[in-house]
Amino acid sequence: MKWLSRFSFHRRLQFTFLVLILLPFIVVTFWSYTSVRENVSDKITRSNEETLKVIANQLEKTVDNISFVSVYFSEAYDPAVLESLRYLKDAGHFGSYGVYTHYNKLKTTANILSVQSLDAELQIMLVNRDNRILIGNQDIPVFSELPERLLQESSKLDEQEKITLQWFPYGGDPAAPDYYYAVRFITDPLNQEKLATLYAGIPSRYFEELLDTGNSANLISLVDQAGRPIARLGSAGAAQEKSFLVSEVRIPKVGWLLSGRTPRSSVDSHINREFLISISVVGLFFLAFLILSMLWAGHINKPISLLRTSVKQYVGGNRAVRIPVKGKDEVAVLSAAFNQMLEDMNQLLQQVESEQEEKRLLELQALSAQIRPHFLLNTLNSIKVDLLLSGDQSHGAMIDALMKLLRVYVHVDKPLELAEECKVLGSYVQVMQIRNRLDITFDCVLDDRAGAVLLPRLLLQPVVENAISHGFSARPDNPAIRLEASLEQDMLTISISDNGRGMPDDKLQRLNRRLLGDEEETLWPEKGVGLINTARRLQVLYGYRSRLTAQLRAAGGMTFTFMIPVTAEKEAEAHDDPDVD
């Protein structure tokens, strides 16, 4: 240590401070940075694992639903289903009444079982051994041939395997196929003869929605047991990173591997920024302290004591403590810098508290968003299936109609084809006739073009409700409602007629004036404004050419006529406003 004697006391003091203060500070800072970085990385990894487990559980439920449907057909729990499969194994068209009867049996069973997989929007097809589609989605014609490419892909499977599901990707890019199909071959339990093949395809949009965690920096991929990609979600920029935090969850039932990768740069950037600020603030403090200690070692003893006391008070919870600033010397500068640091720390604490509160609210909102109407629909569906299986057809049909209405109410902001709207009205009439104990006949007659026109949902329901509530209040013997629609050039005409009690001419004239907007709103009664709101909704959505009028039927009852201009196939989609009423 004799070499230190060659330097002045000032330099030796500076060196001592560098060794005893700055060097330990660097070491502690580096250790703290490393520790925080590892802790944050570990927490993010655990969080990603929990997220992947939730996704894996949902995937297992979807696989279980597919397994349930496939086992029900392949194990032939229902002798009628087995008999229908035997009858239709080589059928290519509706050549006889027997084919039609057995097809309806299969379709009824398939409709009941397909409800198990509504959330996944599965494409389920039952194909006979002549490669003719017996049961499929609504857009697939009955007895149509299986697509050639799908047939080629399925031909690679082992037809001797009748116990486990066999999977393969189909369509789209090899890294992200359009569908991922599960296949099970159905054989006759008596002679092991092949009867049909069940295809259950999971669409790519289901995987995309399921893998979307809301964090675009995360890369989530799903591969099957053979290593073939099933789905992948994440930005292209994140995929180019070199270092990742990797989390993996295996789905044992199918052997799929669900993996999530978070770029380490997205984690390190935030930590680096926080440590840079902390090091800068503390570094400035050490620099000022080093200079002042060299120049005014004795003079700054008192401010240091005051500083120590203030720090203890601040640590003890007194965030309002400040050092009095007197003069313009270095001690005053140090005191002002410390006060500014306290202000910055207070602001940082307030910011952290605000961010934590906002995070808590966002978490509550996220938890609330997880409560979906699908829970109620699935519950009602379970009740419906139990009723149908127990033979209670009437209450099962009522539950089914109520479920259809609830699905419409869930997506009330989306337009619907007129043909589908008629089905919704049929369900509504079914519920209302059970509620009012009326046997109401509902007929819907559409031409080919009118049925495909998109309209706002529940646009026609107030008229049907008016017919049931007012027209059938006298409870006629054979209540009936008839809907007719035609599309000529650019004008859609919809008429809804009933055989109810009708109304006097003076009230009919006044109603038409109100429907056309020729009477002041102040003269309207407080009740019975459903038809008026429907007419106003037409005016808002389709302009002055649209209208709703009412007239008496010669045979008794009322007829309400909608005149709707249609300039494009998706006229309603561009103007529909869920809050217009």
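Counting as a disulfide any pair of cysteine sulfur atoms within 2.5 Å, the count for this structure comes to 1 disulfide. This is a predicted model, in which local features need pLDDT of at least 70 and side-chain atom pairs count only at pLDDT 80 or more, while totals for chains, interfaces and linings use all residues. Residues are numbered from 1 along each chain as its sequence is written, and side-chain values use heavy atoms, with hydrogens and water left out.

Select Cys422 and Cys444, whose sulfur atoms lie 2.4 Å apart in the disulfide. The pair links distant parts of the chain, since Cys422 belongs to helix H12 (residues 418–436) and Cys444 to strand E11 (residues 441–446), 22 residues apart. Helices (H or I, at least four residues) and strands (E, at least two) are DSSP runs, numbered from the N terminus. Cys422 has a relative accessibility of 7% and counts as buried, whereas Cys444, at 32%, is partly exposed; buried means under 20% relative accessible area, exposed over 50%, and partly exposed in between, with a 1.4 Å probe and protein chains only.

To see the contact (heavy atoms within 4.5 Å), show Leu425, Tyr428, Val429, Met432 and Asn436 in H12 against Gln461, Val464, Glu465 and Ile468 in H13. This contact has 6 nonpolar, 2 polar and 1 charged residues, with Ala, Val, Leu, Ile, Met, Phe, Trp, Tyr, Cys and Pro counted as nonpolar, Asp, Glu, Lys and Arg as charged, and the others, Gly among them, as polar.

Then turn to H13 (residues 461–471) and H15 (residues 530–542), which pack at an angle of about 160 degrees with their axes 9 Å apart, and that makes H13 roughly antiparallel to H15. Here Pro462, Val463 and Asn466 of H13 meet Gly530, Leu531 and Thr534 of H15, a contact of 3 nonpolar, 3 polar and no charged residues.

Finally, bring in H14 (residues 505–515), which packs with H15 at an angle of about 35 degrees, the axes being 9 Å apart. Leu511, Arg514 and Leu515 in H14 meet Leu531, Ile532 and Ala535 in H15, giving 5 nonpolar, no polar and 1 charged residues.

How values were computed: Axes are lines fitted to C-alpha atoms, for helices over the stretch in contact, and angles run from 0 to 180 degrees between N-to-C directions. Angles under 35 degrees count as roughly parallel, over 145 as roughly antiparallel, 65 to 115 as roughly perpendicular and the rest as oblique.
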